[in-house]
Amino acid sequence: MTSESAGGRPVNAQAGAALKAAALRLVREKGYDKVSIAAIAQEAGVARQTLYNRWNTKADLVLDAVFEVTQNYAAAIPLDDARDCCVVLEEFLTSIFSHLTADGDILRALIAAAQQDVKFQETFYTKFVLPREKMITIFLQRAKERGELSPNRNAELVSGYIHGAFWYRLLNRGTLDAKFARAIASDVFERSTAAASGTGALNGLT
């Protein structure tokens, strides 16, 4: 049975929340490579073994912390029939880009960690990348059904192009902003704004 604190919350839930908050705070302040497991446990006021009971590595813990923040603003793309799909995609990407920019160094560090640890690479992809790829694929399929996306476009491939565009920029420290979000959305939905500005997202990734 899980023990409870005086406030009625499970102790392990409190410890997990404290560890995620401490991990995110420290890596934002000092950088991923300069923060140790011991430092995170000390900052959270939790025994190191408690951390290892839930997470195998620092990367796993930091990913969970980042994922939790992401869920607060990008859990799903709204599918409001009254709204233009191009605008909805632009707003969704703008929100994502804001987070990617704020925590870009952390995400680049996690991607680097994934290249050194096959198990973590799978975790990173299945937990952080794949759900959003599927989310956008479903959204694009819905746009096709509404006649807003060309019936000749493959929703899954287009979703891959979208993610490839912004992950490429993230890794190369390129600009991720509302302008780029608008360029991607305009390119996907073949709107004249992208062609007029010459910023077709899938044609200019630098």
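## Aromatic pairs and cluster

Phenylalanine 120 and phenylalanine 124 are both buried (buried meaning under 20% relative accessible area, exposed over 50% and partly exposed in between, with a 1.4 Å probe and protein chains only). The model is predicted, so local features need pLDDT of at least 70 and side-chain atom pairs count only at pLDDT 80 or more, while totals for chains, interfaces and linings use all residues. Residues are numbered from 1 along each chain as its sequence is written, and side-chain values use heavy atoms, leaving out hydrogens and water.

The ring centres of phenylalanine 120 and phenylalanine 124 lie 6.2 Å apart with planes at 50°, so this pair is tilted. Rings of Phe, Tyr and Trp (its six-membered ring) pair if their centres lie within 6.5 Å; planes under 30 degrees apart count as stacked, over 60 as edge-to-face and the rest as tilted. The two residues are four apart in helix H7 (residues 118–145), and are therefore separated by about one helical turn. Helices (H or I, at least four residues) and strands (E, at least two) are DSSP runs, numbered from the N terminus.

Phenylalanine 166 and tryptophan 167 also form a tilted pair, with ring centres 5.7 Å apart and planes at 40°. Both phenylalanine 166 and tryptophan 167 are buried. Across the whole structure, the search finds seven aromatic pairs. One aromatic cluster is formed by Phe97, Phe120, Phe124, Phe128, Phe166, Trp167 and Phe180.

## Packing of H4 and H6

Helix H4 (residues 58–71) packs against helix H6 (residues 104–116) at an angle of about 140°, with the axes 11 Å apart. That angle makes H4 oblique to H6 (under 35 degrees is roughly parallel, over 145 roughly antiparallel, 65 to 115 roughly perpendicular, and the rest oblique). Axes are lines fitted to C-alpha atoms, for helices over the stretch in contact, and angles run from 0 to 180 degrees between N-to-C directions.

Ala59, Val62, Leu63 and Val66 of H4 make the contact with Ile106, Leu107, Leu110 and Ala113 of H6, where contact means heavy atoms within 4.5 Å.

## Positive phi in two loops

Arginine 173 lies in the loop between helix H8 (155–171) and helix H9 (178–188). Its phi is near 55°, a positive value in a residue other than glycine. Arginine 173 is exposed, with a relative accessible area of 59%.

Glutamate 190 sits in the loop between H9 and helix H10 (192–197). Glutamate 190 is not a glycine, yet has a positive phi of about 55°. With 55% relative accessibility, glutamate 190 counts as exposed.
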